[in-house]
Amino acid sequence: MADVGRFMSAYRSHTIWAGDLNYRIGLPEDQVKNYLKAGDYDILLKHDQLAAQQSLFKAFSEFGEPPITFQPTFKYDVGTNTWDSSEKRRVPAYTDRILYRSKDLLKDSVETLFYKSHMELTISDHKPVSALFKLKVKTLLHDKQAEVHQAIVRELDRYENECMPDATISSSNVVFEEIRYLEPKKKQISIRNTGQFPAQYRFKPKLQDERFCKPWIWVNPPAAMIMP
């Protein structure tokens, strides 16, 4: 695409970047034109600044590009297929590019059907480029997704039920019967973890109370972890 700063399109895991990237060929004008007359594009591409920046991981290092088999797309006299004849005599260059990047793990997920320039268009000092790609994309199977979701929910419910604490207590009432002053008296209750996972217990006061028992009574231990 000529005279376009950049154009990015992304569908799922694929990115196509097309535009005038303004990279040049690092050779003098006369050498470039001599190679062009001989049709030796490979030597020109070895001095392509974009390829150099990619190899140095400075720009577009994650992008690929289809093989270039056409002559440079910049710079022409407007209305012609003649190289720049102005005072600047710009060196021909591959400034117009189409790059692609795929994050898809599928093998061969990008296939190039064509990559070409359009010499017949002369309304600009660039020659537009176009490409056609065949892409593999990941699609969501909604029926399968719902089936997997339901299976996961069932599994989580089962696991949650298994993780629920389960315990038994020998008595919910403790009766000390006759108590005398300065005579310690002790009672025992048993709490048993009958579940499959560790459980905790803790004596808690009633909502209106600060303590769960009178100050002359204590529980040891008031809280603990019980293994299955």
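R89 is partly exposed, with a relative accessible area of 40%, where partly exposed covers the range between buried (under 20%) and exposed (over 50%), using a 1.4 Å probe and protein chains only. The model is a predicted one, in which local features need pLDDT of at least 70 and side-chain atom pairs count only at pLDDT 80 or more, while totals for chains, interfaces and linings use all residues. Residues are numbered from 1 along each chain as its sequence is written, and side-chain values use heavy atoms, leaving out hydrogens and water.

R89 sits in the loop between α3 and β3; helices (H or I, at least four residues) and strands (E, at least two) are DSSP runs numbered from the N terminus. Its phi is near 45 degrees, a positive value in a residue other than glycine. The loop between α3 and β3 also holds F57, which has a positive phi of about 60 degrees although it is not a glycine. F57 is exposed, at a relative accessible area of 65%. For orientation, most residues other than glycine have a negative phi, and most peptide bonds are trans. A cis peptide bond joins F74 and K75, with omega about 5 degrees, and K75 lies in the loop between α3 (49-55) and β3 (96-102). Another cis bond links N220 to P221, with omega about -5 degrees.

Among the contacts (heavy atoms within 4.5 Å) of K33, leaving aside neighbours within four places in sequence, are W83, D84, R89 and P92. K33 belongs to α1 (residues 29-37) and is buried, with a relative accessible area of 18%. E29, V32, K33 and L36 are the buried residues named in this helix. They cover an arc of only 95 degrees around the axis, so they lie on the same side of α1; the arc is that of the directions from the helix axis to the C-beta atoms. Their cover includes α2 (41-46). Just after α1, G39 takes a positive phi of about 70 degrees.
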